[in-house]
Amino acid sequence: MDFALTEEQQAIQALAREFAEQEIAPHAADWDRDHQFPREVFGKLGELGLMGVCVPEELGGAGADFVSYVLVLEELSRADAGVGVTVAVHTSAATLPIVAFGTHEQKGRFVPPLARGEVIGAFALTEPGSGSDAGSLRTTAVPDGDGGWRISGTKQWCTNGSHASTFLLFARTDPETEGARGVSAFLLDAEHVEVTREEEKLGLHSSSTADLRLDNALVDGDRMLHEERKGFVVAMATLDGGRIGIAAQAVGIAQAALDTARSYALEREQFGSRIAEFQAIRFKLADMATEIAAARQLTLRAAWLKQAGLPHGSEGAMAKLFASQVAVRASQEAIQVLGGYGYTREFPAERYYRDAKITEIYEGTSEIQRIVISRELLRAADARGA
Ligand SMILES: Cc1cc2nc3c(=O)[nH]c(=O)nc-3n(C[C@H](O)[C@H](O)[C@H](O)COP(=O)(O)OP(=O)(O)OC[C@H]3O[C@@H](n4cnc5c(N)ncnc54)[C@H](O)[C@@H]3O)c2cc1C
């Protein structure tokens, strides 16, 4: 067993950390306060190869592995979790499904501009009436009689929705089949969708979360991804991998919270000594560091399994379930270490706390992760006759 990162993984991690510390972290508080989507950052990340880090080189990516990708997400999210989710959805929810399921022509047409960061990708599955039960979605795609499709419906909370040029969107092509088996996946352009609203959120203010409307949008037949009625296969495979990215985002937020709490504890004096001398504070830092280390290992292991082509659904769900809890706890404890200052906007702890919560919700809530994990656990026991 080898826990060491390869030289290439270390180099990519260092590149992402340097960029995040110089170009993202100094602006994160302003972007959060102004609700600003930092579009220029994604162009620069593209130039560094970090908008398609695990996309094959022949498709415009950096050709690195999935472990490198989660290392990048951790570093970006440590600086700004909004930037982290923008890159996560762009890469694992929009670009990688095209790499995995696209035809030769679709890969050549859609992937290189995404992988180079020239355009941004989005993933539109959720609707007002279908969240965890995504298979009940109601957006419809009806044959136009000429080989194409007419798509109508509404999509909710689409990350990158206001800035994306390529949308992986799910619609029901078979009205007779209830649930997931009647759903197909499509690749759409920005002109196919109308952004109706930008959501107001608790946190992640530097990211875009938009509602979309499709009104009889005409889409050519060659824009269906994978086979007809196989959209849910695409969606589930995408979320299996995407969850590992959200786990990495959570680890990044938790690490940022620990960094902030540690430096504050070494500076702040009360009762004639630094608060870092008090055991109550030290133990908080020790617990945070231990939990973060465990969350990171779960995340890297799930990423390694995915890269190796091994089953990773349950392991990714475990990583997300645990890492998101760690992020919420660590950011809450960071506020406690900072006392009253932690509750103010003068320090970033309150932003980490607001940003951490979403990691327990999107790409499958914690309850849904427990369903995935327990299903696998019981299936394995059943198979053994236990
Ligand atoms: C900021 C943000 C960004 C997002 N980005 C995207 C995106 O880019 N693309 C996209 O398609 N979606 C996106 N989403 C949607 C997100 O994935 C959903 O919010 C999430 O899957 C949960 O669905 P829901 O909010 O409808 O909750 P619901 O499914 O209505 O769940 C409500 C509660 O019931 C629980 N629950 C539901 N079913 C069960 C069950 N069977 N057993 C036990 N408990 C259950 C849930 O865990 C939750 O606690 C985003 C959401 C937000 C807030």
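Predicted model: local features only at pLDDT ≥ 70, side-chain atom pairs only at ≥ 80, totals over all residues.

**The ligand and its surroundings**

Me: Which residues come nearest to the ligand?
Reply: There are 17 residues around the ligand.

Me: Which element gives the largest share of the shell around the ligand?
Reply: Helix H10 (366-384) and strand E3 (149-159) each supply at least two residues of the shell. The largest share is three residues. That share comes from E3.

Me: How far is a polar side-chain atom of Ser132 from an oxygen atom of the ligand?
Reply: Polar contacts count within 3.5 Å. Glu367 has a polar side-chain atom 2.7 Å from a ligand oxygen. Trp157 uses a backbone N or O atom, 2.9 Å from a ligand nitrogen. For the side chain of Ser132 and a ligand oxygen, the distance is 2.6 Å.

Me: What part of the area that the ligand exposes alone does the protein bury?
Reply: The ligand takes up the space of the largest pocket. Taken alone, the ligand exposes 970 Å². The protein buries 63% of that.

**The whole chain**

Me: Why does the radius of gyration agree with a compact globule?
Reply: The chain has ten helices and ten strands. A compact globule of 386 residues would have a radius of gyration near 21 Å. The two agree because the chain has 21 Å.

Technical notes. Residues numbered from 1 in each chain as written. Heavy atoms only, no water. Near = heavy atom within 4 Å. Polar contact = N/O pair within 3.5 Å; in protein donor to acceptor, adjacent residues only side chain to side chain. Areas by Shrake-Rupley, 256 points an atom, 1.4 Å probe, with all protein chains shown as cover. 1 Å grid on protein atoms, 1.4 Å probe; cavity = no way out; pocket = protein on both sides within 12 Å on 5 of 7 lines; lining within 4 Å. Sits in = over half its atoms within 2 Å of the grid points. Helix = DSSP H or I, 4+ residues; strand = E, 2+ residues; numbered from the N terminus. Rg over C-alpha atoms; globule rule 2.2 N^0.38 Å.
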